[in-house]
Amino acid sequence: MPDALDIVWRSANVPSPVLTVEDLVGISPAAVKGLIELGVLREAGPATHVVCDGCHDQHVERVVMTKYPNGQTRFFIPCPENLRVEVPRERLRQWAVDFAPLLAALARGVGTTEMLTEVVPGRVWNLGRASLAGKSKPIWAARGLAWPDARQVVAALPQGRSPILFFLGHGPDDGLVDVPREAIIELRTVVQMKDGVIVDREAIERQLADVAAPPAVKQPKKQSQRDATVGALKRELHERILAFKSAIRAADDADRTYDLPVVKQKDLAAAIKATEPAVSRAISQSQDLELRVLLQTIENPDMIRKYAR
């Protein structure tokens with residue numbers, strides 16, 4: 001069964017996302033209830049058009065409401081094969097997606113000091129400041145950073161080395177946002193829903209510390225071998241994705257197809273100087289959300305095109 005938040009991440013790429021009953025098929029009722037209680041899904045107006053489920057043509061028709069003398073109201077659509085098909089009232093339900101409650105949960109998870117503020121409606125949010133990786137930093141979130149109007153939206157964001165930017169949906173093109181690459185974080189890599197919204201603060205601080213922090217004076221705590229392997233895998237995947245992104249863009253510019261190489265575990269093991277069983281265990285047993293997303297990204301040309309870490 002898919003992660004309850006998968007539908008939310010996909011919706012982030014749609015300007016005004018509205019979900020139908022069919023969109024929620026495959027998500028457990030408990031998960032849907034959780035999204036509704038969180039406020040991420042808000043009841044919207046009923047659907048005016050539906051796909052016919054009375055034949056195999058998959059035609060879309062306008063819903064016709066019919067009131068009967070006994071006070072009953074029923075809904076129908078025309079169908080060339082069946083003349084008309086009744087549509088259950090439940091099938092007309094729709095939900096608008098509101099990202100603000102999810103960002104409010106993120107703000108609580110990282111411990112921001114101010115209330116969430118929507119700067120550009122549905123696109124840019126100021127979450128306040130939080131102490132991360134040993135420094136107080138302004139936390140921002142944005143959506144639609146790959147849309148045609150992305151430059152206008154980016155103008156509302158702060159600049160410089162201090163801000164941390166979480167993005168929903170496709171990431172920005174290289175150089176679009178004047179924020180260090182390590183401080184641009186895809187929200188779905190650090191948030192999951194399991195008995196509520198869980199924010200992986202450790203993963204956020206690890207990403208910020210990996211690149212931005214100066215060498216530690218104190219002796220760091222000893223990493224477990226699996227954690228070390230996971231960290232090495234993420235760095236190797238990151239570098240390969242950047243190389244693939246460059247190759248894909250060159251192919252796109254030349255109007256030709258780029259054959260994406262298959263990255264095998266044995267290749268990764270050789271690159272990070274680990275054994276193949278160690279890499280296999282790290283991939284199968286790690287709960288690191290960022291690693292999962294990197295593994296998905298490196299197999300998908302479209303995700304590679306939009307990679308912005």
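Tutor: A salt bridge is a side-chain nitrogen of Lys or Arg within 4 Å of a carboxyl oxygen of Asp or Glu. This model is predicted, so local features need pLDDT of at least 70 and side-chain atom pairs count only at pLDDT 80 or more, while totals for chains, interfaces and linings use all residues. Residues are numbered from 1 along each chain as its sequence is written, and side-chain values use heavy atoms, with hydrogens and water left out.

Student: How many salt bridges does the structure hold?

Tutor: There are 17. Take E202 and R206: their closest N and O atoms are 3.5 Å apart. Both residues sit in helix α5, four residues apart, about one turn of the helix. (Helices are DSSP runs of H or I, at least four residues; strands are runs of E, at least two; both are numbered from the N terminus.)

Student: Is E202 buried or exposed?

Tutor: Buried means under 20% relative accessible area, exposed over 50%, partly exposed in between (1.4 Å probe, protein chains only). E202 has 56% relative accessibility, so E202 counts as exposed. R206, at 26%, is partly exposed. Salt bridges with shared partners join E202, R206, K234, D288 and E290 into one network.

Student: Which residue forms a salt bridge with E205?

Tutor: R201 does, with the closest N and O atoms 3.7 Å apart. Both lie in helix α5 (residues 201–212), again four residues apart. E205 is partly exposed at 25%, and R201 is partly exposed at 27%. Now look at E186: its salt bridge to R188 has closest N and O atoms 2.8 Å apart. E186 is buried, at 18% relative accessible area.

Student: Which residues touch the most other members of the largest nonpolar core?

Tutor: A nonpolar core is a set of buried Ala, Val, Leu, Ile, Met, Phe, Trp, Tyr and Cys residues joined through side-chain atoms within 4.5 Å. The largest here has 56 residues, and V8, F166, L187 and I204 touch the most other members. Helix α3 (residues 100–110) gives the most to this core: six residues. Contact means heavy atoms within 4.5 Å. Leaving aside residues up to four places away in sequence, L187 touches W9, L102, L103, L106, F166, F167 and L168. Another core, of 17 residues, lies apart; its members include V230, I272, I298 and Y307.

Student: In what sense do strands β5 and β6 pair?

Tutor: Strands pair if DSSP finds at least two bridges between them. β5 (residues 64–67) and β6 (residues 73–79) pair in the antiparallel sense, over four bridges. M65 has F75 in β6 as its bridge partner. The hairpin has five residues between the strands, and G71 takes a positive phi near 90 degrees.
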